[in-house]
Amino acid sequence: TAQHKKPNIVISLTSFLIKEQTKEMKFTTAATADGLRLLTSLLVIGSAASMSSYRERRLANVTVAPENDNTQFHHFLAHNMTRTCSADNHATPFNNQIRGVNLGSWMVLEPWITPSMFYQFLGGDETNTAMDMYSFCEILGPEEGNKQLRRHWETWVTEELIEELAQSGAVNSLRLPVGDWMYKPYGPYIGCTDGALDYVDDLLDWAHARGLTVLFDIHGVKGSQNGFDNSGQSQDFEWTSALNTEPAGLVTFQHWGIRSAAWMGEFDRETIEYTSTNYENIEHALETIQEIVNMYKGHPAVLGLEPVNEPWQYTPLDELKQYYWEGYLIVKKDAPYWKYIMHDSFRFDVETWGGFMAG
């Protein structure tokens, strides 16, 4: 295995919810990093297909007939109409304590964790400032962007670091944020992120050699699930430099107050609801899940998969639940022992999630 020089590493810790059948455990850690959160946007709205054709196509890919409410999987019976399970021979108490650390800003850049990657854009303007993974590749282009990313991948997470974590005894699992573009490239990611999967392979081998597990986290999806830079692509962003009078020449923008998320469709800030559903983007994310399962289902280091990180609170709930359900069936068809992790979409009430995927 290649040996790399060990840099000074700042690791972002995060919160994640683990669900294995009906067993749930929460793990919350602190976040440590310094730097600057920089934001930009590019609204992506894909073409829509009908709800029925989307579900039939996806369910067919996991050998589930949508008209059949009872579909047998390796360890359980899936009820598609209610999104629940029964006859679960595999469900056992999840008694393993997970002490996880998030490998933040390695595969999915976040300026507040790795500000040094974005210092080169300070002093820029509306035409040449990168503020997230998407614009990083867009501004630098595939050749220079890939050159810088490979240097970053080589030094940000190393075998020496994984060894140090394992020896500490404080960590037994690694959460790996990945972007859907790593498995199904599009837009400025094409060429820019070439080679990323080689480093993922190294990480899995390093972890397995030291008794650590790896949780795959789809941190960024096409169109952005929350509008923030941590999704790879900030959404709804407005430069306000022309409005400034003092001091002259100041480059400014606004984002948080007009944030949007286009993964599941077009969002209307006036009505605070989605006016359309982007089934193409949803399908792209489900196909990414399938790619990840196909690639890593045989690797002993994999703990499981999180189908999307932090979808924002306005995400259409029924579509999100359907996405979670279909992603679960994709995973359990070919990787039945993987854990399946779901974010609550910042909806914390029992009425929202009570009974969902019970069984």
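Strand β4 (residues 77-79) runs antiparallel to β5, and three bridges join the two; strands here are DSSP E runs of at least two residues and helices H or I runs of at least four, numbered from the N terminus, and two strands pair if DSSP finds at least two bridges between them. Keep in mind that this is a predicted model, where local features need pLDDT of at least 70, side-chain atom pairs count only at pLDDT 80 or more, and totals for chains, interfaces and linings use all residues. Residues are numbered from 1 along each chain as its sequence is written, and side-chain values use heavy atoms, with hydrogens and water left out.

- His79 sits opposite Thr84 in β5.
- The open sheet has three strands in the order β3-β4-β5, paired antiparallel.
- β3 (70-72) and β5 (84-86) are at the edges with a single partner strand each, so one side of each has no neighbour in the sheet.

**Nonpolar core**
- The largest nonpolar core has 78 residues, and Leu174, Phe216 and Tyr323 touch the most other members; such a core is a set of buried Ala, Val, Leu, Ile, Met, Phe, Trp, Tyr and Cys residues joined through side-chain atoms within 4.5 Å.
- Elements giving two or more residues to this core include α2 (133-156), β7 (173-179), β8 (213-220) and α6 (317-334).
- Leaving aside residues up to four places away in sequence, Tyr323 touches Trp263, Met264, Ile282, Ala285, Leu286, Ile289, Pro307, Val308 and Tyr340 (contact means heavy atoms within 4.5 Å).

**Rings and charges**
- There are 21 aromatic pairs in the structure; rings of Phe, Tyr and Trp (its six-membered ring) pair if their centres lie within 6.5 Å, with planes under 30 degrees apart called stacked, over 60 edge-to-face and the rest tilted.
- One of them, Trp312 with Tyr314, is edge-to-face, at 4.9 Å centre to centre and 85° between the planes.
- Trp312 counts as buried at 2% relative accessibility, while Tyr314, at 34%, is partly exposed (buried is under 20% relative accessible area, exposed over 50%, partly exposed in between, with a 1.4 Å probe and protein chains only).
- Phe73, Phe76, Trp325, Tyr328 and Tyr340 are linked into a cluster by ring pairs.
- Lys222 lies over the face of Tyr186, 5.1 Å from the ring centre; the test is NZ of Lys or CZ of Arg within 6 Å of the ring centre and within 35 degrees of the ring normal.
- Lys321 has its charged end over the ring of Trp353, 5.6 Å from the centre.

**Positive phi**
- Ala87, in the loop between β5 and β6 (100-102), has a positive phi near 50° without being a glycine.
- Ser345, not a glycine either, has a positive phi of about 60° and is buried at 0% relative accessibility.
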